[in-house]
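Here's a quick tour of a fold and how its inside is put together. Have the viewer open while you read.

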Amino acid sequence: MNVTKNKYFSISDDFDCEAKRIKEDTDKDVKLQLIYKDLLFAIGENPSREGLLRTPERAANAFLFFTQGYNQSVKEITNGAVFNENHDDMVIVKDIEMYSLCEHHLVPFMGKVSVGYLPNKKVLGLSKVARIVEMFSRRLQVQERLTKQIAVAICEAINPSGVGVVVEASHMCMVMRGVQKINSKTTTSTMIGVFREDPKTREEFLTLIAN
């Protein structure tokens, strides 16, 4: 690691990267605030009235939080949490709460995710499964892609014999607008390896997450 020294302190490349990231986040926040202020004008509102004075700031902060997954990677999340383990039975983490934004309308969809895998001499820290779900859901998404990204990430992290992911979600683009079907839910699944090739393995997974 390169270190630049002066009379008083040392500045590492890591600090430079962190400073750059903070500046980029600040720039994004300022740009988003201006966009939200223009949006309020566009719908005929007055951003200067009391109830809306800080709305652009709050909305910008919220949107950056909703999309923070763009600043994360699977490698960073799983670092130090992949363990050598002679375990070859199915591991399931189910009913993981998920919130995301539909990339078509920028409105939320939310639901639950169930992930199962068959280890191949390596296991993943259980909380990291949930963090992988969180990372990909905190982006602009479609449910089909989200489901596959979670499964592929588990495969890349620990190279298991197989992975299964099932997502069930309610989409506000179908509830708040359009067809306005408040009870509709969408289910998607991705099966990789033995979960796709072996009907018994797939059936075991689907049965266990249904109970």
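Predicted model: local features only at pLDDT ≥ 70, side-chain atom pairs only at ≥ 80, totals over all residues.

Residues are numbered from 1 along each chain as its sequence is written, and side-chain values use heavy atoms, with hydrogens and water left out.

**The chain.** You get eight helices and nine strands, taken as DSSP runs numbered from the N terminus (helices H or I, at least four residues; strands E, at least two). Of the 211 residues, 36% are buried, meaning under 20% relative accessible area with a 1.4 Å probe, protein chains only. Count the contacts (heavy atoms within 4.5 Å) with a separation of 6 or more, and 68% of them join residues 24 or more positions apart.

**The core.** A nonpolar core here is a set of buried Ala, Val, Leu, Ile, Met, Phe, Trp, Tyr and Cys residues joined through side-chain atoms within 4.5 Å. The largest one has 33 residues, and Val113, Val115, Ile150 and Ile154 touch the most other members. Elements giving two or more residues to this core include β4 (91-102), β5 (108-118), α4 (126-137) and α5 (143-158). The top contributor is α5, with seven residues. Beyond its neighbours within four places in sequence, Val113 has contacts that include Val93, Ile96, Met98, Val133, Ile150 and Val165. There's also a second, separate core of seven residues, with Leu118, Met191, Phe195 and Ile209 among them.

**The helix pair.** How do α4 and α5 cross? Their axes come within 10 Å, at roughly 140°, using lines fitted to C-alpha atoms over the stretch in contact, with angles from 0 to 180 degrees between N-to-C directions. That angle makes α4 oblique to α5; oblique is what remains after under 35 degrees (roughly parallel), over 145 (roughly antiparallel) and 65 to 115 (roughly perpendicular).

| Helix | Residues making the contact |
|---|---|
| α4 | Val129, Ile132, Val133, Phe136, Ser137 |
| α5 | Leu146, Gln149, Ile150, Ala153, Ile154 |

By type, the residues of this contact are eight nonpolar, two polar and no charged.

**The arginine.** Arg138 sits in the loop between α4 and β7 (140-141). Is Arg138 buried or exposed? Its relative accessibility is 11%, so Arg138 counts as buried.

Terms used. Buried < 20%, exposed > 50% of the residue type's maximum accessible area, 1.4 Å probe, protein only. Nonpolar A, V, L, I, M, F, W, Y, C, P; charged D, E, K, R; others polar.
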